Amino acid sequence: MLSHLGRWVIEQALFFSQLLHLIVMSVTHLPSVIRTHLRPVSRVFLRQIYFTGFESVKVVIPVSIALGTVIIAQIMTLVGVGNESLAAKVLVWTVIRELGPLLTVLIVIARSGAAIATELGFMKINGEIEVLEILGISPFDYLILPRLLGVMLSVFVLTVYFEIGAVFGGFLAAYLGWHIPYDQFSQGLYTALTANELLVSVGKSLLFGLFVSAACCQQGLAVGRSATMVPQAASKGVMHSLFLIFILDGLITVLTQVVVFTRG
Amino acid sequence: MSATVCFDSVNSPFFGSELSFSVQTGELAVLLTAKEEVNAALVRLLFGVNLPLAGSVSVLGEAIASLDESLLFRLRSRMGLVFSSGGLISNLKVGENLYLPLQYHKLPVAEESAAAGEAILQRVGYRGGSSKLPGLLSQFEKKQVLLARVILMNPEVVIYDSLLLGHNLHERNHLLDIAVDFHREMADRTSIFLSSDASLPQLMHGAKIIAVH
């Protein structure tokens, strides 16, 4: 059992180091790509933004409004009338800090994660990666880098939409269910909505987007010569992404608490 | 004349014995192989996708094995390949496939415009439209687009991998005429045809024939 555990730990460490290598390469290649290959790479980047960002809006907005409604309804049932500002505060703490980035990236993983791994996997099997190399086009610069940046930016923007939608849904529930006026609702909202909360939300959304896209790209490119490996790569990409975001979420939460604690 | 492409005692699992040959600048050569697998192996060696087990490959004066990734990609931008199959990116339209290497390498072209691309597609006889995806093209149409892309890139070295494979007589003559005319447009252009078709040398008058055993 110890040997299985050891093997698992080594596999995860190897996987994580490959991910970090992919991310570091993207950072180091970015200036030269902008300088020399901007036009074709930016097309891939915009396509990724359209598919991951724009087309996910119609899922993110209704989910966020529904979530905001549910949260406020549950809180008002717990705290009762008279604690409306507390309800808005709890909404901010749960959505802005945690559920906003987390649920947004879960939607993105479901829509785009498997699709990215599958697309790259089929390109690998059909020899298109080799075609790019023979044309003198770096597959990393042309395929991976724009996907990393596109998904990262999309998750960030979608998270903003999610949080706005959740607050709107929460206000709708408060107003229609408990006749709470906006100025009363917003009192708690603006009290809880500090720069720290927003910074944590931004940081989480960017990191989630980056690691999810890196994990799915890595799995897609790792496909061998058999077509049966493509759905396996898609599945592994999704599972690794889910694993990563919860680990990252925990790490960022602990880190922010340590920073807040040391500041006093 | 200096050697543009040089194989020096190259050893590979696909060759029966060590392979040594050279193709001079401006020459038109046919590498006659035993089977298509050998062509694919030669393409990988010429473009540095694989390195030989022994010996050396040099193209345009550069020893492939000594080049780092960025220099290798730069060398590949000076070479063109007409693939035997595939060769197009499946999620890009014909027009996008045509211009991809040009835009990526910022290669000089008289007019990088839709009109220039259309003119070259007409030159190779392609009538399918530039907004089609490769999956909807016939094999002949794909070969025409690949030829058009190479013509647009205007490389110093052109490799044709099994250019005539899978085409009827009319299509074979059409493709060969375009390839030979393109070779003659530039005095320093080196063209190498990889083929396992023993009848090809008879169609290529004046070409240097190199047998790969």
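## A parallel sheet in chain B

In this predicted model, B:Val82 has B:Tyr160, a residue of β7(B), as its bridge partner. The two strands involved, β6(B) and β7 (residues 157-161) of chain B, run parallel and are joined by four bridges. Strands of a sheet pair through backbone hydrogen bonds, in either a parallel or an antiparallel manner.

β6 and β7 belong to an open sheet of five strands in chain B, ordered β6-β7-β8-β3-β9, in which the pairing is parallel. At its edges lie β6 (79-82) and β9 (208-211) of chain B, each of which pairs on one side only. On average, and with direction ignored, neighbouring strands of this sheet are turned by 20° against each other. Across β6 and β7 of chain B lies helix α5 (residues 139-153) of chain B, which runs at about 170° to β6(B).

## The helical chain A

Chain A contains nine helices and zero strands. The C-alpha atoms of chain A fill a box of roughly 70 × 50 × 40 Å along the principal axes, and 45% of the 264 residues in chain A are buried. Of the contacts in chain A between residues at least 6 apart in sequence, 88% join residues at least 24 apart.

## Where the chains touch

Between the two chains, 14 residues of chain A are in contact with 16 residues of chain B. On the side of chain A that touches chain B, α2 (38-53) and α5 (128-134) of chain A each supply at least two residues, and the largest share, five residues, comes from α5(A). By residue class, this side of chain A divides into five nonpolar, five polar and four charged residues.

Conventions: Residues are numbered from 1 along each chain as its sequence is written. Chains are lettered from A and ligands numbered from 1 in the order in which they are written. This is a predicted model: local features need pLDDT of at least 70, side-chain atom pairs count only at pLDDT 80 or more; totals for chains, interfaces and linings use all residues. Two residues are in contact if their C-beta atoms, placed from the backbone, lie within 7 Å. Ala, Val, Leu, Ile, Met, Phe, Trp, Tyr, Cys and Pro count as nonpolar, Asp, Glu, Lys and Arg as charged, and the others, Gly among them, as polar. A residue is buried if 20 or more other C-beta atoms lie within 10 Å of its own, exposed if 12 or fewer, and partly exposed in between; C-beta atoms are placed from the backbone. Two strands pair if DSSP finds at least two bridges between them. Axes are lines fitted to C-alpha atoms, for helices over the stretch in contact, and angles run from 0 to 180 degrees between N-to-C directions.
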